[in-house]
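Please describe the local geometry and the helix packing of this model in a short report.

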Amino acid sequence: MIAFLIQNMAPIMFASLVIFLLLGYPVAFALAANGIFFGIIGIELGLLQPSLLQALPERLWGVMSNDTLLAVPFFTFMGLILERSGMAEDLLDTVGQLFGPLRGGLAFAVIFVGALLAATTGVVAASVISMGLISLPIMLRYGYDRRFASGVIAASGTLAQIIPPSLVLIIMADQLGRSVGDMYAGAFIPGIVLAGLYAVYAFGVAMFRPAWAPALPPEARVLKQPDGSSGTISFIVIAVLAAIAGILFDRFYYVPTYPEAMLDERLVLAAGAGAGFALAVALLNRMFKLGLLSRLAEQVVFVLIPPLALIFLVLGTIFLGWATPTEGGAMGAAGALVMALVRGRLSLKLTRQAMETTAKLSTFVVFILIGARVFSLTFYGINGHVWVEHLLLNLPGGQLGFLIVVNILVFLLAFFLDFFELSFIVVPLLGPVAEKLGIDLIWFGVLLGVNMQTSFMHPPFGFALFYLRSVAPQNEYLDKLTRKRMAPVTTAQIYWGAIPFVCIQLVMVALLIVFPGMSLVYKSGLPDVDPSKVHIEIPADQPGAPVDDILKDLGGKSGETPAAPKGTDATPEQKANDEIEKALRGGK
């Protein structure tokens with residue numbers, strides 16, 4: 001029995017952790033308790049030295065002194081302030097008017113605003129609750145299918161999981177030992193592609209199930225021209241001109257000036273130049289009443305600029321190298337406070353609520369990380385990482401087989417664990433194996449991030465579904481505008497609506513495996529170097545060239561020890577010379 005326990009300590013320790021978690025024990029305490037318990041057993045069995053546990057204070061101090069984790073409270077605070085600043089309401093109202101004339105237009109608006117909120121708040125709960133409160137009653141009022149509307153809102157809110165500045169990407173970068181800036185750059189394009197896949201699904205529903213996603217009726221379109229036209233053409237023109245301005249700025253100014261600029265830098269600055277052009281046109285149009293833009297186009301520009309400016313303040317400064325992620329988070333939090341102040345929404349009560357929630361979430365993250373460090377200390381001490389490596393390195397199929405098995409494992413674990421728990425428990429075990437297989441860890445982290453996104457959408461445990469359930473009408477209610485009795489949204493409808501979007505997320509995982517270049521944009525400006533072809537040459541000493549000799553500097557001849565005067569004892573300096581020469585000659 002003792003021999004079996006010694007040989008299988010690692011799998012027994014991992015299995016006991018899973019049992020503790022399934023029994024419902026808090027994750028942080030389950031991790032720490034398993035680490036200490038099996039550490040004591042390992043010491044008793046002779047597998048570990050008692051001195052191993054003396055490393056615990058050092059590891060815990062490493063958590064507390066980790067500057068990267070400071071970004072978590074900053075981005076959380078920013079998201080909570082923005083949730084209450086009124087930005088989401090303005091975005092959904094205006095963008096809903098823009099897409100309203102199209103079938104499925106409100107669904108497109110929710111997906112677009114979900115991507116914008118993801119790039120500004122980085123918090124799933126804030127996005128889902130905001131859009132659930134604002135958009136769901138409007139979608140139900142105009143006849144949207146309850147399953148489709150619920151799924152679109154929950155899935156669009158979870159874009160905050162993968163589009164920077166996502167909290168999970170910060171944790172992922174920390175656990176994989178990579179730069180948060182590189183992780184953000186690697187996740188940017190996959191996040192936009194995922195939002196595009198959601199839009200493609202909404203388009204398909206509007207085409208083949210038009211009754212599920214009707215267009216807004218004419219009486220609901222309030223941003224019309226005096227002649228009754230929608231003004232959409234004016235918006236298309238200003239959007240095209242802004243895109244051209246951004247491209248011209250990139251091609252004829254930024255690239256010639258900074259030819260070594262990376263793709264993410266160019267995208268950020270080109271987008272900023274295009275947005276600046278659109279804002280300048282809109283301001284001139286309003287100040288001088290030029291009549292160049294329709295009411296709709298002007299309103300869309302003025303509503304989109306604040307979140308785009310905040311995105312540039314956070315992501316732009318990170319991608320351009322002007323700020324670290326922690327500094328970018330601090331600037332984003334300050335920007336959110338300014339935005340709430342300008343809108344007249346900032347109050348002492350709001351600030352206190354946001355700070356309390358931020359403190360709770362940050363404490364939650366740090367406690368889990370402390371528990372994970374205690375667990376990993378013992379797990380690594382009994383060579384648990386070696387057991388995991390042997391288990392995964394011997395999978396058939398090499399890199400592809402490893403990626404398929406790991407993604408299936410993470411998908412199944414996401415039914416029971418949220419992304420924080422997966423990041424702190426599973427990722428540290430998988431990262432070293434992926435690196436040994438030659439897998440880029442930024443690509444691997446983004447891949448796991450997209451997969452973990454499903455943890456928010458899994459029926460029946462997905463947190464996004466719980467958030468939506470908390471704000472969706474549970475009983476029959478009276479619509480404020482039409483004065484009609486409206487049926488409630490059932491939990492089953494929310495669950496059924498989430499399933500297609502879980503499938504889309506899995507399709508995105510497959511696309512990332514097939515096209516890894518989507519997440520390798522952070523390497524776009526770096527030279528391609530093959531480490532196997534790198535040679536290091538150390539030039540030999542040239543005849544007659546002066547050679548530094550430590551013995552000469554000590555007062556003696558090269559290769560000799562300064563001798564003590566005859567009849568006297570050696571001085572302390574001469575004894576020191578003897579010791580140095582002896583050390584240089586290998587103790588002879």
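Lys 289 is exposed, its relative accessible area being 73%, where exposed stands for over 50% relative accessible area, buried for under 20% and partly exposed for the range in between, computed with a 1.4 Å probe on protein chains only. This residue sits in the loop between H13 and H14, and its phi is positive, at about 50 degrees, although Lys 289 is not a glycine. The model is predicted, and local features are given at a pLDDT of at least 70 and side-chain atom pairs at a pLDDT of 80 or more, whereas totals for chains, interfaces and linings use all residues. Residues are numbered from 1 along each chain as its sequence is written, and side-chain values rest on heavy atoms, with hydrogens and water left out.

Most residues other than glycine have a negative phi, and most peptide bonds are trans. Asn 383 is a further non-glycine residue with a positive phi, near 65 degrees; Asn 383 lies in the loop between helix H16 (348-381) and helix H17 (384-393) and is partly exposed, with a relative accessible area of 46%. Just after H20, a glycine, Gly 438, has a positive phi of about 80 degrees. The peptide bond between Pro 164 and Pro 165 is cis, with omega at about 5 degrees, and Pro 165 belongs to the loop between H9 and helix H10 (167-176). The helices and strands named here are DSSP runs, numbered from the N terminus, of H or I over at least four residues for helices and of E over at least two for strands.

Two packed helices are described by the angle between their axes and the distance between the axes. The axes are lines fitted to C-alpha atoms, for helices over the stretch in contact, and the angles between N-to-C directions run from 0 to 180 degrees. Two helix pairs are set out below.

| Helix pair | Angle | Axis distance | Crossing |
|---|---|---|---|
| H13 (residues 263-288) and H14 (residues 295-319) | about 150 degrees | 10 Å | left-handed |
| H2 (residues 9-22) and H3 (residues 27-44) | about 150 degrees | 10 Å | right-handed |

H2 is therefore roughly antiparallel to H3, and H13 and H14 are likewise roughly antiparallel to each other, where angles over 145 degrees count as roughly antiparallel, under 35 as roughly parallel, 65 to 115 as roughly perpendicular and the rest as oblique. A crossing is called left-handed if the near helix is turned anticlockwise from the far one by less than a right angle, and right-handed if clockwise.

The residues of H13 that meet H14 include Val 268, Leu 269, Ala 275, Leu 279 and Arg 286, and their counterparts in H14 include Val 301, Phe 302, Ile 305, Phe 312 and Phe 319, with contact taken as heavy atoms within 4.5 Å. By class, this contact of H13 with H14 has 13 nonpolar, 2 polar and 4 charged residues. Nonpolar covers Ala, Val, Leu, Ile, Met, Phe, Trp, Tyr, Cys and Pro, charged covers Asp, Glu, Lys and Arg, and the others, Gly among them, count as polar.

The crossing of H2 and H3 is right-handed, and the residues in contact include Ile 12, Met 13, Leu 17 and Phe 20 of H2 and Ala 30, Leu 31, Phe 38 and Ile 41 of H3. The contact of H2 with H3 has 11 nonpolar, 4 polar and no charged residues.

Phe 277 lies in helix H13, is partly exposed at 32% relative accessibility, and touches Ile 238, Leu 241, Ala 242 and Ala 245, residues up to four places away in sequence not being counted. Phe 188, in helix H11 (residues 180-208), is partly exposed at 27%, and under the exclusion of residues up to four places away in sequence, Phe 188 touches Pro 164, Leu 315 and Phe 319. The C-alpha atoms of Phe 188 and Ser 519, 331 residues apart along the chain, are separated by 7.7 Å.

Ser 156, in helix H9 (residues 146-157), is buried with a relative accessible area of 0%, and a polar atom of its side chain lies 2.7 Å from the backbone oxygen of Val 152. In helix H20 (residues 427-436), 7 of the 10 residues are buried, among them Val 427, Leu 430 and Ala 434.

Overall, the chain has 25 helices and 2 strands, and 47% of its 588 residues count as buried.

Terms used
Polar contact = N/O pair within 3.5 Å; in protein donor to acceptor, adjacent residues only side chain to side chain.
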